[in-house]
Amino acid sequence: RSSSLSIIAVATNSTMTRTVVFTATAILIGQSLSSCAAFSPAASTSSFSFALSNDAVNTPVEPPLNPLLSQIKPSKTVEVFSLVKQMEAEGETVTSLCVGEPDFAPPQCVLDAATAAMNGGQTRYTAVTGTADLRKAIAEDLKSRKGVEYNPVTEIVVGNGAKQCVYQGLLAACGAGDEVIVPAPYWPSYPEMALLVGASPVILETSVDDGYLINPDALDKCLEEHPKAKVLMLCNPSNPTGGVHSTELLTQIAKVLEKYPNVVILADEIYERLVYTDDGQCTSFASLPGMFSRTITINGFSKSHAMTGFRLGYLAAPERFAKATSVLQGQITSCASSVSQAAGVSALNDVDDSWLENNVVIMKEKRDYVLQELAKMDGVSVSVPPNGAFYVLPDVSKYYNGDDTQLCLDLLKEKKLALVPGESFGAPGTVRISYATSMEELETAMTKLREFLESL
């Protein structure tokens, strides 16, 4: 006779238990159940065990996530910023110095260019690598200001923010089994991006007494010990320290790299328009002798022109690297926003240098104020004043036994002041302060920080 039966198969392994439910129709004609191989004692004691039930059991099974995600840490900056926004949505007033975003608006001509682009019908896809006008403007800017000449047709790739360009540059230059040298303190996305492309990040420690700049001898030793290294991450000026590598120091670093010809330099120069040295210059690494052919330069408009929401960055590199990243971008996001690109053309062609220089003066005043206030706080130190970007990374390790994460959590809870723990930047015992905000907000923040530390 035939009978409709529900069969529950339970499979177990070292990581999970899965229950699979299915229904079968057993044709039982003159046979005992034990005579069926599927239900024989031998089968029941194998890696699968079978049980009979009159009713189907519906047990939901969650498909597993990519195992790679278990290695990737969420961005602390994003986490803190999200918490701040949640608190503000709940009606709380929070003083936030956690995000690297200028407090001033983009130049009016940039906004006008975006409006004109929309009204003029520039709302369609562009070439994956960007519009011809923008790539030409980028190439001309790099040649006139940085002394580096790129072919705008084959060596410039415009992306959805500099962050995308960093990732695609890494993905083009290295992969599984390779190593990426990441000087610490570092932007938290660098080591995580290395893991995403299948490589292993190698942390190169720097000294606070050197202003957290790369020591050429330490770099040489690191590269010698890591023959699988394929990429050196070079953030200049630095996020999170604000340190600026001088031309002399960059030349020494380039001299070391001559010994390791297989290493690509990913030069993140997004803060290069915010330098507070006497000459205000930040040398492009690609301009150094012998370095052009192996350097992928990253830049954009977020920090210099306050265009963070436009999500517009670019990569400049020899054709083989640019071609590789354009292929990747074509399969990931395609082109950047056509409206943002029109705004980018205006940023490079229409904004007077005096506008940018005035912002540098204002940022330097804010930096000086923060350093002045930090110097008054017991147990807080900044060994070398930052000369670029808009960050300060003070040492606060005398508090909380160096637990900067707990310090930041309590600071946010008790004083509604948001800073980012230095541990996430590879600098435990520090906190990152972004002074890219109003002077009024900085005054409030410094008062809150001083009062909090004095209460401990």
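What covers the buried residues of helix 6? The cover includes helix 5, strand 6 (179-184), strand 7 (200-205), strand 8 (229-235) and strand 9. The model is a predicted one. Its protein chain has 13 helices and 15 strands, and 49% of the 456 residues are buried.

**Whole chain**

- Consider the contacts between residues at least 6 apart in sequence: 73% of them join residues at least 24 apart.
- The accessible surface of the protein chain is about 21700 Å². Carbon and sulfur atoms account for 52% of that surface.

**Helix 6**

- Helix 6 (189-196) gives two or more residues to the lining of the largest pocket.
- Seven of the eight residues of helix 6 are buried, so the helix is mostly covered.
- The buried residues are Ser189, Tyr190, Pro191, Glu192, Met193, Ala194 and Leu195.
- Gly198 follows helix 6 and has a positive phi, near 95°.

**The largest pocket**

- The largest pocket holds about 660 Å³ of space.
- It is lined by 27 residues, and the closest to its centre are Val99, Gly100, Lys163, Trp187 and Lys303.
- Besides helix 6, the elements that give two or more residues to this lining are helix 2 (76-89) and helix 5 (162-173).
- Val99 is placed in the loop between strand 4 (95-96) and helix 3 (108-119).
- Val99 has a relative accessibility of 26%, and therefore counts as partly exposed.
- Leaving aside neighbours within four places in sequence, Val99 is in contact with Phe81, Arg432 and Ser434.
- The C-alpha atoms of Val99 and Tyr391 are 9.8 Å apart, although 292 residues separate the two along the chain.

**Cavities and cis peptide bonds**

- There are two cavities of 30 Å³ or more.
- The largest cavity has a volume of about 120 Å³.
- Its lining has 17 residues, and those nearest the centre are Pro183, Pro185, Cys235, Ser238 and His245.
- Strand 6 and strand 8 each supply at least two residues of this lining.
- Most residues other than glycine have a negative phi, and most peptide bonds are trans.
- Pro185, in the loop between strand 6 and helix 6, is joined to Ala184 by a cis peptide bond with omega about 0°.
- The peptide bond from Asn236 to Pro237 is also cis, with omega near -5°. Pro237 is in the loop between strand 8 and helix 8 (247-257).

**Aromatic rings**

- The structure holds eight aromatic pairs.
- One of them joins Tyr271 and Phe390, with 5.5 Å centre to centre and 85° between the planes, an edge-to-face arrangement.
- Tyr271 lies in the loop between strand 9 (264-268) and strand 10 (295-300), and Phe390 in the loop between helix 11 (353-375) and strand 12 (391-392), so the pair ties together parts that are 119 residues apart in sequence.
- The rings of Tyr271 and Tyr391 have centres 5.6 Å apart and planes at 80°, so this pair is edge-to-face.
- Tyr391 is in strand 12, and the pair with Tyr271 links parts of the chain 120 residues apart.
- Tyr271 and Phe390 are buried, and Tyr391 is buried too.
- Ring pairs link Tyr271, Phe390 and Tyr391 into a cluster.
- Arg320 lies over the face of Phe321, at 4.3 Å from the ring centre.

**Loop residues**

- Which residues other than glycine have a positive phi? Tyr400 is one of them, with phi near 55°. Asn401 is another, with phi of about 55°.
- Tyr400 is in the loop between strand 12 and helix 12 (404-415), and Asn401 has its place in the loop between strand 12 and helix 12.
- Tyr400 is partly exposed, because its relative accessible area is 25%.
- Asn401 has a relative accessible area of 81%, so it is exposed.
- Thr437 is in the loop between strand 15 (431-434) and helix 13 (439-454).
- With a relative accessible area of 13%, which is under 20%, Thr437 is buried.
- Leaving aside neighbours within four places in sequence, Thr437 is in contact with Leu97, Asp103, Lys366 and Leu442.

Key: Residues are numbered from 1 along each chain as its sequence is written. This is a predicted model: local features need pLDDT of at least 70, side-chain atom pairs count only at pLDDT 80 or more; totals for chains, interfaces and linings use all residues. Side-chain values use heavy atoms; hydrogens and water are left out. Helices (H or I, at least four residues) and strands (E, at least two) are DSSP runs, numbered from the N terminus. Buried means under 20% relative accessible area, exposed over 50%, partly exposed in between (1.4 Å probe, protein chains only). Contact means heavy atoms within 4.5 Å. Accessible areas come from the Shrake-Rupley method with a 1.4 Å probe; for residues, only the protein chains shown count as cover. Rings of Phe, Tyr and Trp (its six-membered ring) pair if their centres lie within 6.5 Å; planes under 30 degrees apart count as stacked, over 60 as edge-to-face and the rest as tilted. A charge sits over a ring if NZ of Lys or CZ of Arg is within 6 Å of the ring centre and within 35 degrees of the ring normal. On a 1 Å grid over the protein atoms alone, a cavity is a set of points where a 1.4 Å probe fits but cannot get out, and a pocket is an open set with protein on both sides within 12 Å along at least five of seven lines; lining residues have an atom within 4 Å of a point. Grid points are joined across faces, edges and corners, and a volume is the space filled by probe spheres set on the points.
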